[in-house]
Amino acid sequence: MLTHEAQRQRERILELLEHEGGVTEESVRRVHKETGVPEADIWGTGMFYTLINKPGRRVRICDGLTCQMAGADQLSADLEAKGLPCERVSCLAQCDRAPATLDEDLELVTYHGKETGVTPDDPGLPMNLGGPVDESYSSFARAKELGAEAVIEILKESGLQGRGGAGFPAHFKWSSVLAQAEAERYVICNADEGEPGTFKDREILLRQPTKMLEGLAIAAQAIGAKDIYIYIRGEFTNERRSLEKAIEIAKEKIAPIKIHVALGHGAYICGEETALIEALEGKRGMPRLKPPYPTEKGFRNKPTLMHNVETACCIPAIVDRGGEWFKKLGKTEAGSKLYCISGHVNRPGVYELPLGASLDELVDAAGGYEGNPQAFSPGGASSGFLPMTYRDLPLDYKNLADAGSMLGSAGVVVLNDSVDMAEAVKWQLIFFERESCGQCAPCRIGTRYLRRQVDQYVQLGDTAPLTYAEDVAWEMEEGSICGLGMVAAKPLESAQKHFPDAFKVR
Amino acid sequence: MIKSNSFTVEINGQTYSADAGETVYEVAQRNGVEIPTLCHDPRLDPAGACRVCLVEVEGQRRLQPGCAWKVDADMKIQTESDRISRHRQVLYSMYMSDHRTDEEGGLPEETGNVNQLRELCATIDPIPLEKVEAPRAARPGDDNPYIEFDPELCILCARCTRYCDEVEAVNAITLAERGSETTIATAGQRSLIDTSCELCGGCIDTCPTGALIEKKAPKLMPLETKTTRTTCNFCGVGCQMDLHTHNNRLVKITSPAPGETLNDGNLCVKGRFAYDFVHHEDRLTEPLIRREDGQLHPATWDEAIKVASEGMNRVKAKYGSDALGFVSSSRCTIEENYLMQKLSRAAFGTNNIHQCAAT
């Protein structure tokens, strides 16, 4: 067990490595001298994160599903031909601007941008991305007046489910943290958005960061936390600027509650709550065994309430207008929901619709299908693929789970019939192989095995390489420590089930 | 209501007593119920990383790691079932696809040390998965004299890195990279000699697959080795060690298993690796006395001690007691050191007594 001081020093190492320009023998030595953390620990931790493990300047090109469909490979080849070194990276949460690219300073560059959209101003919507910004913090004041118990009661009434992907009722976590004997508690906001197809948190950070901050402040007030940590992915340059501006105003409004911003350093797995905590503590982002849950022992081993950006963003309106009001906004489940839509649609973007909207309704908002749709991925890479026979299915937590898929982060990607489904599966598997943390064998070996076998199938058209894929997929789901490994085979499994023709001898 | 600290649990239908805080693995092991594991070492915090020990716990949808799962009153646990059998079969097969094997499809290779993965794989009918050829980096330039890392036999259970951190508090090695590239590394991939490593070799001892081995021990152990338990005499701690001999030659030294002797599975660099003197041609194996011809001549201990005491008494008679000085060794026990100062003070009458570790 590290001492208090050693722990605080450890928490600094990733930021220091970033200031040093990345992991080198020399930078590790300097960070060691400054913090006292053993050199090997700094090296091993730094080498986990792709934004700092290879010092040097280069363009980063997304190779997520939507970006691949939009010609990311070609763009990469073109830029390389012009003498610009390129690195292929996992989803940059810019799928509506596919193929997404970051320049050497992590600034967004758009090459073939389509027209994109968000739901226009509608005061009846809790998040209302297109609406005006309210910096009065009146909901926070109201929540203070109401007191913790009443706020949790309203939250319970609202039926708000965690918007990060698991769909766990939000109020449970609040009650669980409140029930802990330990008085030092933390609120963490998970802004490490990186699930391929997902870019809703990005829009909140850009357009309504104040709503999110107010929601977090209400949570901190209710559970008795003095500090809020926002873990925002390191590739979010514009988003960070927007957030920091909002924090300048928030600081005074929510004092003495403090807001801290921690930058991600390039690891999708840190969107997993316990891996995120490890990253905040200056360690490799490897998920912890649960139990204990973060609400019992989270950041610094203290009770921790962690919410996704969108979950926090819903809270002020719920406190203002009541749980019943929010609940009724939903179609099949409670509330409104930000759906991200990209791929073969005319106006990709983020649309706030009643929870339970169908694909057709969502694509209507996004200007219609582009070409002849054959499949969609309803909730990020982890949700696999569904055929168009599901176009009327309510996109909610329960209905999608029953269909063997998941709503996840509601990162919906539409694939038209120009896409080879086996190829699409390969792109998703490349993502999981690269982003597996490597801690447990089922995921570490399984993600690589499946990607290689599908690769072989795509190249040779022979089905033999896929003979044992089902066994491996089964073990990945049964044996992995965290959700990444459990769902990493979903793209293959679902595509084999719904698109058997794409996996025949060719 | 205060919960009792002792209760019973059910494993495979049998009732066993257990204490709060114990893990499923601990209760099972104490009662002779075998749960296989690779990443568990009783000296380390459970990692639950190898996933070999997964069991069924009633009320839990997912399989849970026996090494980390804490028992509770009346908990019902299954360590054998169709589901667990399939899990082991596929998991071990996956490990084989990520491991150097005897031949294509053969068992995990065994080199200088036992490969527990090989033993586990022998218990299943493996699925013939193609190799995944994970790009795990080795440390080719590591010229330390004792410890060798073979990434092809590594299962990333992190016992070595956790041992180095949690037991030795040395933190010379770390998990580095990520996903299938994850490997065991040093800062900058430097030689262990150029790190905080003390070359204790505990990482070798805890490695379950032989990915870490002694550089100078034979790579393939002769089948016929004799093991002799002895006490290390490099210092007074009294660590127990097992000498492995073949044809009367010492080929390796290991520690007894953790929990068995006072050194709890640990040895230091001297105990584990400094045994080259045993068969060295310059080694003194009997007392030698330099006679008047200026040459060293073999003698008995009685003769040698007699010559030494006569010599010392001569000095004392001629120059007085304080012309003598006694230096004891840190290889001695405290009792031996006590006797040395007694020899100095009581027998020869001088306080000129020192011990080499005293400054």
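Reader: Which ground rules apply to the model?

Author: It's a predicted model, in which local features need pLDDT of at least 70 and side-chain atom pairs count only at pLDDT 80 or more, while totals for chains, interfaces and linings use all residues. Residues are numbered from 1 along each chain as its sequence is written, chains are lettered from A and ligands numbered from 1 in the order in which they are written, and side-chain values use heavy atoms, leaving out hydrogens and water.

Reader: Why are H7(A) and H13(A) called roughly perpendicular?

Author: Helix H7 (residues 148–158) and helix H13 (residues 309–321) of chain A cross at roughly 105 degrees, and their axes come within 10 Å. Angles of 65 to 115 degrees count as roughly perpendicular (under 35 is roughly parallel, over 145 roughly antiparallel, the rest oblique). The pair is therefore roughly perpendicular. Val151(A), Ile154(A), Leu155(A) and Ser158(A) of H7(A) touch Ile315(A), Ile318(A) and Val319(A) of H13(A). By class, that contact has 6 nonpolar, 1 polar and no charged residues. Ala, Val, Leu, Ile, Met, Phe, Trp, Tyr, Cys and Pro count as nonpolar, Asp, Glu, Lys and Arg as charged, and the others, Gly among them, as polar.

Reader: At what angle do H18(A) and H19(A) pack?

Author: About 150 degrees for helix H18 (residues 441–460) and helix H19 (residues 469–479) of chain A, with axes 9 Å apart. That makes H18(A) roughly antiparallel to H19(A). Their crossing is left-handed: the near helix is turned anticlockwise from the far one by less than a right angle (clockwise would be right-handed). Pro442(A), Gly446(A), Thr447(A), Tyr449(A) and Leu450(A) on the H18(A) side meet Ala469(A), Val472(A), Glu475(A), Met476(A) and Gly479(A) on the H19(A) side. The tally there is 6 nonpolar, 3 polar and 1 charged.

Reader: What makes the length of H2(B) close to the expected one?

Author: Helix H2 (residues 82–97) of chain B has 16 residues and reaches 23 Å from first C-alpha to last, close to the expected 22 Å. The expected span is 1.5 Å times one less than the number of residues. Its buried residues, including Ile84(B), His87(B) and Met96(B), pack against H18 and H19 of chain A, as well as strand S3 (54–57), strand S5 (76–78) and helix H3 (116–121) of chain B.

Reader: What makes Asn171(B) and Leu199(B) stand out?

Author: Most residues other than glycine have a negative phi, and most peptide bonds are trans. Asn171(B) has a positive phi of about 50 degrees without being a glycine, and Leu199(B) has one of about 55 degrees, again without being a glycine. Asn171(B) is in the loop between helix H4 (159–167) and strand S7 (174–176) of chain B. Leu199(B) is in the loop between strand S8 (183–185) and helix H5 (202–206) of chain B.

Reader: How do you know that Asn171(B) is buried?

Author: Its relative accessible area is 9%, so it counts as buried. Leu199(B) counts as buried too, at 9% relative accessibility.

Reader: Which peptide bonds are cis?

Author: Among them is the one from Ala255(A) to Pro256(A), with omega near 5 degrees, where Pro256(A) is in the loop between helix H11 (237–254) and strand S8 (258–263) of chain A. The bond from Pro291(A) to Pro292(A) is also cis, with omega near 0 degrees. Pro292(A) is in the loop between helix H12 (273–280) and strand S9 (304–308) of chain A.

Key:
Axes fitted to C-alpha atoms, helices over the stretch in contact; angles between N-to-C directions. Helix = DSSP H or I, 4+ residues; strand = E, 2+ residues; numbered from the N terminus. Contact = heavy atoms within 4.5 Å. Buried < 20%, exposed > 50% of the residue type's maximum accessible area, 1.4 Å probe, protein only.
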